[in-house]
Amino acid sequence: MLGRTLREVSAALKQGQITPTELCQKCLSLIKKTKFLNAYITVSEEVALKQAEESEKRYKKGRSLGDLDGIPIAVKDNFSTSGIETTCASNMLKGYVPPYNATVVQKLLDQGAVLMGKTNLDEFAMGALGSDTGGSTRNPAAHCGVVGFKPSYGLVSRHGLIPLVNSMDVPGILTRCVDDAAIVLGMLAGHDPKDSTTIQDPVKPFTLPTLTDVSKLCIGIPKEYLAPELSGEVRSFWSKAANLFESEGAKVIEVSLPHTSYSIVCYHVLCTSEVASNMARFDGLEYVLGDKEEEPLRTVSQNVNIGQKCHRCDINVSTEAMYAATRREGFNDVVRGRILAGNFFLLKENYENYFIKAQKVRRLIANDFVKVFNSGVDVLLTPTTLRGAAPYLEFIKEDNRTRSAEDDIFTQAVNMAGLPAVSVPVALSNLGLPIGLQFIGRAFCDQQLLKIAKWFEKQVQFPVIQLQELMDDGSSISEIEKLASVSLKH
Amino acid sequence: MAAPMLRWWCLGRRWVLACIDGGSRHGRGAAIGFTSSRKRGQTSVAQQPLITSQKSRKGEHEWAAVVGLEIHAQISSNSKLFSGSRVHFAAPPNSLVSFFDASLPGTLPVLNRRCVEAAVMTGLALNCRINKKSLFDRKHYFYADLPAGYQITQQRLPIAVNGSLAYSVCVGKKPSRVITKTVRIKQIQLEQDSGKSLHDELRSQTLIDLNRAGVGLLEVVLEPDMSCGEEAATAVRELQLILQALGTSRANMAEGQLRVDANVSVHHPGEPLGVRTEVKNLNSAKFLAKAIDSEIERQIHELENGREILNETRSFDYKLGCTMPMRDKEGKQDYRFMPEPNLPPLLLYDTESLPPGADPQQVINIDWIRERLPELPSETRERLIQQYGILPEHSFALLNEVGLLEFFQNVIKETRAEPKKVTSWVLNIFLGFLKQQNLAVNESPVTPSALAELLNLLDRKAISSTAAKQVFEELWRSEGKTPSQIVSEKQLELMQDQEALERACHTVMEGHPQVVMITCSTEGGFLGSRGQGPPSWPAQGQRQPEHSARSLSTAPLLSLKAQANKGWPGYIRSP
C-alpha cells in the first residue's frame, strides 16, 4: 500500500480496503524503521493519528472530503504548521511553534490529508529537500526516484513558507507519479489574498488529460546544458529521452540559453542579499518561547534574566552586542557566510556593482527562455542533476557552496525565470540509484508541462520502489541500514 | 535671502493675536484672559534667535539658514499598511499585533487600499505628480521595536513626487500683510511605522509595544526652501491642516501622528550651502520653531568661532532649549536598501489608462480621487473672504483651531449680525475664553446657537456690547440658560423709552453740574475722551442705585444726542 500512488491509495480508502488509521500506522512504523535516515525533524504522531481517526469517521459516514482525505503527507520543516514546531533545522528557530498554518498546509489539511511530520532540510533550506528555490524539490526527487514538481512562481501561495529567497521560492510537490502531482497542484494552486505575488485568476482542481499524440510537440534541447561535468550515464538517458520523443513524431531541436551559465553566480548575489534581509528578523529573542506562562510577544530586554529566557545570552552591554551574540549562536557557518556576503552586496557603495547587475543578468536569463518559447518550443528537456546520487562520503567531501553550485546547475535558471519545471524519474544507474530528467515549461503552462511529463513517465516505466517488501521483511531494513553504515565507513 | 522679522513665531493662536484688532479688549482684560501683552512678550523673545537677517557679530557677512523637513504623518485608516490589525491610539500594549506585525517567519505583506488612496489624495492636494508605477523597498537597521530588522518603504520610486506647499506668513506691524511662500515637495512615500520602545532605566529593561508597528505612514519630504524655524513651523501647520481637511491623517502631534525631522545648515548668501545637521523627533508644535532656530544659532556660533559643523543627527532638549548630538545615532548607517520581493509594483490608473472591465476593487483611479477631493484650507480661506468679507488673517485664524470654523459657520447661520461682528466675537471673546481655560472648541460650554442669540440681541440693540460681554461670561459659567434669560434676570436690556432715558440723564447731570461743565469744556467732548475723560462720571452714574445696570445704556443714547447736536451744548440747553 505504501508504494502505491495517491490515486490508488485513495481508491483503496474509498472501497474500504484499508482505513485511514491503518494507513497512518503503517506510515508511522516505516518512519520509525527508517529513523536512522534523519528524514524527519518532527514526527507529529499524535496529531496524525487524530487526523486519521477523523478521516475514518468521515469515510464511515460516506462523507469523504475528496481524493486527499486520509492520505498521509509530510511537509518540509520550513512550512509553518500551527501547533507543530517549525525549525528550518536552525538553532535560531529551535522551539518555535507557529501560531498559524502556511496556506498550502491549510489547503492540504482542509482536504483531509494526514500530516505525518516535518521533514529535514539544510538550515533554512539552503541546499537540499519540498520547497524549491534553486532546485530543492527537483534534485531530491531525481535522487530518490520520485516526481518533483516546481510550479510557476505565483501559482502557489508562499504564505507561511519561511523564506530563503522570496523572489524565487516556490512550494514544491513531491509525489510518486505525475498524476498525483497534478492532483496536489489542483488543490494548492490559485490566488491567496495573503500572498500578493500569487496570480489573480482562480485555478480549479483538474484531472490531467492523457496525451496520446506527441507529433505536434516541439521539444527543445538546450545545448548549454551539455556540461563537461555531466556523467555519461545521465547524458545517455537524456539522449534516449530525446530520441523517444523524436521517434514518436515530436520535433526535437537544439536551442540556446546563452546566459544560463551565469545563473549560479548571479543567484549567489541575489540569494545572499535576500537571505541577509530575511534573516534580519532573527534576533535570537523573539521566536523562541521561554516559559510556558510567557506571552509569545514579550519584552525584548537588555536585562540578562529575560535574555536568558528567550535565548542563551549573557550579554548586558547594548542591544547591538546582544544581537551580535545571539545571532552568532543561532546561525550556522553557511547561513552566517551568506548573511555577511549579502550585506556586503547591499552596501550603498556595492549595490550598483553587484545587486543591480545581478538583477540585470537575471533578466537576461529569463529573456533567454522567453525567446526559446516564442520560437515555438513547447517544453525543454534537460537533465535534473549532473549524476546519480552520491554516496554520503563523497557528498561530504565538498563544501556547501561548491555542492550547491553543482547541484543546482540545471535547475537554478528556472527559478530565476519563475517557470514551471518537473523532474521525472527515468531509470536506475549502475549503482542501482535513480536518475531523473527535467522538463521546463512556459510560465503558467503548468498543466501542459505535466501532461507531457505524464506521457513520458508512461513510456519509461520507472521501477517503483517496493516499500511493502521492506516493511514485511525486517531483514531488508537492516540490509539498508548496513549499507548505509558501510557507505559511511567507505 | 534674509527673512523678514516675523511678527509671530509659532502657530495658530499667535496668528490671532498678531492680527486681530484689540479694540474691544478694554476693561476686562484679565477676566477675558486675552493676555496679549504676555503673548507679545513671548513673540519678541522668540524673535531673538532669528539671526538670519542679522549681521554677524564680526560684522562682515550675513548668515542665511537653509531648512528642509522630513515629515511623517500617520495615515488615518482602520487597519495597518500591510496587515489587518486595527489602528487605534492608546490601546493596551501589544493588543493590535498581527502575525505579520510581529514578523513571524513566513508571513507576507498585503497592501491596504485605503493607505494608497490616502497617499494619492495627499499627493494631489500637494500638487504632486502621482507615479502610476511605484515600488516598495526594504530599509534595514537593527532596533528592538523593528521586529523584521527592516522597514518597508518607497525609496527608489515613491508614489508621489514634485509637489509644492504654499503657506502664508504675516509680516509687518498693523496693518499686517499676509505673504504667501512656497516650499517644494520632493516626494511622498508610503512606509511602515515602527513599534515603540519604552525604556525602564530602573530595571535596565526595554519594553516593546508593537501596536504602532506597521501602521501606514506618509513620509513627506520638503525641499530646503525654508529659512527659519517660523517658516518651517508655518509650513508644517499648513500641511497639518491639509491632512486634516483630507482626512488622510489626524495629524495630532501630541499623539505622534505627525512627526518632524529638520535638516538645517547655514551659509553666507551667494556661497555654497553649509554642512547640514539633522534635528530629529520634533514632535511638538511648540518646540519645532524653537529647535530649528536654536540649531541655526548654534551653527553660526560654531562657525564664527572657527569651528566646523559635523554632519550629524541631533535632538532638541526642550529643557535646555538647545540641540544635542544623539549618541545612539553615532557611526555611519548603511540601510542596505533592497527591493521588497513580496510586493509587486504598485500600479495606479487614470480614466484614460484604466483597463477595460477592470475590477474596481483591484484598481485605483487617480482621476476619480481627484474629482472627490474636499475643499482645501486655502480654498476655504478664499471662500470665507469672498463670502463674508472678512480679513485674510481672520480666515487663517478661523482655520487654525479644530472645530472653530464649524462653530463660526453655525453661528453665522443663526444670527442676523454682520459676519465681521461674528468674526470678531468668535476670534476675540470666544477663543479668548477657550484659551484661558485651555479648552478645545468642542468642549465649549457656549453653543453656537447661544452665541448667535446673544449676537441677535446685540444686533437689534436690545443690549449694549458691554452688557453682551457680561451675558457671555454668564453663559460660560451657567450652562443651560439662554442669553435672553440672562438678560432679563440681570436686567441688562437697554432702556428703549427715550423720555425715561432722558429724564434719567437729566437727573444725573443736574446732580453733577461741575462734571458737566468740565466735560463740555474738554476738547473732543465726552465721546472722544472715553477712558481719559472725567474720571468721576461713569462711577457716578453707576452709583445711581435704581439704574445700576441700565445706566450703562445711556452711553449710546448720549452719543446719538451728541452727534445730532454736534456736541453737548444743545443738550445742556434743553432743560
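Which residue's side chain does the side chain of Gln74(B) join in a polar contact? The partner is Asp193(B), and the contact spans 3.1 Å. Bear in mind as you look around that this is a predicted model.

**Around Gln74(B)**

Let's stay with this glutamine for a moment. You'll find Gln74(B) in strand E1 of chain B, a strand that covers residues 64-74. Is Gln74(B) buried or exposed? Its relative accessibility is 11%, so Gln74(B) counts as buried, the cut-off for that label being under 20%.

Who else is around? Setting aside the neighbours within four places in sequence, Gln74(B) is in contact with a whole list of residues. Asp193(B) turns up here again, along with Arg212(B), Val215(B), Gly216(B) and Leu217(B). The list carries on with Thr248(B), Ser249(B) and Arg250(B), and also takes in Gly256(B), Gln257(B) and Arg259(B).

**The two chains**

Now zoom out to the chains themselves. Here's how they look in numbers:

| Chain | Residues | Buried share |
|---|---|---|
| Chain A | 490 residues | 55% |
| Chain B | 575 residues | 54% |

In secondary structure, chain A comes to 18 helices and 12 strands, while chain B has 20 helices and 16 strands. As for surface, chain A has about 21,100 Å² of accessible area, with 54% belonging to carbon and sulfur atoms. For chain B the figure is about 27,200 Å², and carbon and sulfur atoms supply 51% of that.

One more thing about chain B: take its contacts with a separation of 6 or more, and 69% of them are between residues 24 or more positions apart.

**Where the chains meet**

How many residues of chain B are in contact with chain A? There are 37 of them, and they touch 45 residues of chain A. Between them the two chains bury about 3,300 Å², and carbon and sulfur atoms give 56% of that area.

What about polar links across the boundary? The count of salt bridges between chain B and chain A is 0, but 14 residue pairs are in polar contact, with both residues at pLDDT 80 or more.

On the chain B side, three strands each supply at least two of the touching residues: E4 (137-140), E9 (205-209) and E15 (338-339). The largest share comes from E9(B), with 4 residues. Sorted by type, the chain B residues that touch chain A divide into 23 nonpolar, 10 polar and 4 charged.

How values were computed:
Residues numbered from 1 in each chain as written. Chains lettered and ligands numbered in written order. Predicted model: local features only at pLDDT ≥ 70, side-chain atom pairs only at ≥ 80, totals over all residues. Heavy atoms only, no water. Contact = heavy atoms within 4.5 Å. Buried area = accessible area lost by both parts, 1.4 Å probe. Salt bridge = Lys/Arg side-chain N within 4 Å of Asp/Glu carboxyl O. Polar contact = N/O pair within 3.5 Å; in protein donor to acceptor, adjacent residues only side chain to side chain. Nonpolar A, V, L, I, M, F, W, Y, C, P; charged D, E, K, R; others polar. Buried < 20%, exposed > 50% of the residue type's maximum accessible area, 1.4 Å probe, protein only. Areas by Shrake-Rupley, 256 points an atom, 1.4 Å probe, with all protein chains shown as cover.
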